[in-house]
Amino acid sequence: MTSKTIANGILRAVAVIAGVLLLGYFLYKIQSVITYLAIASVIALLGRPVVLFLRRKLKFPNTLAVIATMVFMLAIFMGILALFVPLISEQSKNLSLLDIDALKEDINKLYFQILEYFGATTGNVERLVEESHLEESFLKGLDLGFIPNFLNSFVNVLSNFSIGLFSVLFISFFFLKDSKLFQNGMLTFVPDDKENNLVKSIDKINGLLSRYFAGILLQLFILFVIYTIALLIVGVENAIVIAFLCALFNIIPYVGPIIGGVIMVTLTMTSFLGADFSTVILPKAMYVLIGLAIGQLVDNFFSQPFIFSTSVKSHPLEIFLVIIIAGLLFGVVGMVVAVPGYTAIKVILKEFLAEYSFVKKLTKNL
């Protein structure tokens with residue numbers, strides 16, 4: 001091996017590393033665009049059956065079917081947003097989100113009620129409530145000043161929301177109008193002898209992910225119904241909206257149900273703030289916890305096994321490990337996209353590397 005060959009090898013290696021770094025930097029800079037494309041792809045997958053129904057059953061022209069589907073999905077989205085207006089208004093009053101001192105006092109009252117229930121005397125608790133000052137309370141070290149800052153940040157996010165919404169709708173329209181648009185774009189980067197493999201991969205991925213997202217919607221609907229019944233029995237205001245919000249957190253695997261459960265119990269307790277803790281707040285919170293437990297049992301033993309086995313054709317343990325690894329590497333976002341991403345990778349491996357025994361064993365159910 002000559003020095004020239006070694007030098008050329010080093011130069012090629014440096015060029016490859018530089019290319020990978022530049023590609024990574026480029027993808028980092030356009031991460032917003034990638035997010036828009038991902039969201040638009042999910043919308044296209046969910047809206048495609050509606051477009052096909054309008055075209056085949058009602059004989060709509062393709063463009064008109066796409067427009068009708070987009071209007072229908074946008075109306076659902078706006079309707080969901082409208083549902084949260086009374087919840088935000090009511091909970092803003094209950095939690096005094098704009099009054100930090102009042103928020104601290106309300107939480108202190110709830111804290112002292114809990115102390116009373118679990119052993120403190122009524123006289124001592126009342127004296128503590130009357131004599132406690134903000135600097136002496138158990139929240140002394142808790143800085144709730146982040147709430148106004150959060151609200152200001154939220155306003156800034158809303159100012160950019162219109163741009164993102166327009167971008168997603170624009171991309172979704174063309175993805176729905178031409179289902180082969182993404183495929184044709186990918187084919188430009190694939191050698192001619194591999195085009196057939198890519199087409200098969202994309203078709204298979206579309207089919208699996210369509211069933212997966214449909215299964216997710218079924219999962220959320222089942223939890224929404226169970227949570228709504230539990231909250232209505234307890235008598236919580238805005239029960240439908242709270243149930244929808246808490247069910248929506250189940251999109252985040254494993255962590256989401258915990259967050260949703262904490263939110264549901266907290267909103268239940270603050271809805272009755274001022275009532276007696278032992279006879280009103282605690283029993284209602286327990287009923288909500290029972291509803292949460294029933295929902296999670298149904299989800300863990302029916303919904304999730306059904307989704308994973310029939311849609312993405314992967315074992316629940318396999319999915320669990322993938323989600324945990326993705327969560328450790330990429331956080332919450334990684335947990336959300338772990339299953340669709342892993343499914344896509346398995347399909348691509350099967351089409352392009354089917355000759356390897358490891359790939360055959362991994363993808364035998366696809």
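Helices are DSSP runs of at least four residues, numbered from the N terminus. In this predicted model, the loop between α2 (31–56) and α3 (62–95) contains K59. K59 is not a glycine, yet its phi is positive, at about 60 degrees. The residue is also exposed: its relative accessible area is 65%, and exposed means over 50%.

A nonpolar patch was found on the surface. Its members are Y254, V255, I259, L317, F320, L321, I324, I325, L328, L329 and F330. Together they have about 1,100 Å² of accessible area. Two helices, α10 (255–271) and α12 (316–352), each supply at least two residues of this patch. The largest share comes from α12, with 8 residues.

One of the patch members, I259, sits in helix α10. I259 has a relative accessible area of 31% and is therefore partly exposed. Patch residues need over 30%, and I259 has 31%.

The unreviewed UniProt entry places the feature "transmembrane region" at residues 9–28, 34–54, 66–88, 154–176, 212–234, 240–273, 285–307 and 319–342. Two of these spans were examined in the model. Residues 34–54 are 100% helix and 0% strand. The end C-alpha atoms of that span are 29 Å apart. Residues 212–234 are likewise 100% helix and 0% strand. Here the end C-alpha atoms lie 33 Å apart.

Note on methods:
Residues are numbered from 1 along each chain as its sequence is written. This is a predicted model: local features need pLDDT of at least 70, side-chain atom pairs count only at pLDDT 80 or more; totals for chains, interfaces and linings use all residues. Side-chain values use heavy atoms; hydrogens and water are left out. Patches are made of residues with over 30% relative accessible area and no salt bridge: like charges are joined within 9 Å, nonpolar side chains (Val, Leu, Ile, Met, Phe, Trp, Tyr) within 5 Å. Accessible areas come from the Shrake-Rupley method with a 1.4 Å probe; for residues, only the protein chains shown count as cover. A salt bridge is a side-chain nitrogen of Lys or Arg within 4 Å of a carboxyl oxygen of Asp or Glu. Buried means under 20% relative accessible area, exposed over 50%, partly exposed in between (1.4 Å probe, protein chains only). UniProt positions are given in the numbering used here, feature names are shortened, and annotations may be inferred rather than shown by experiment.
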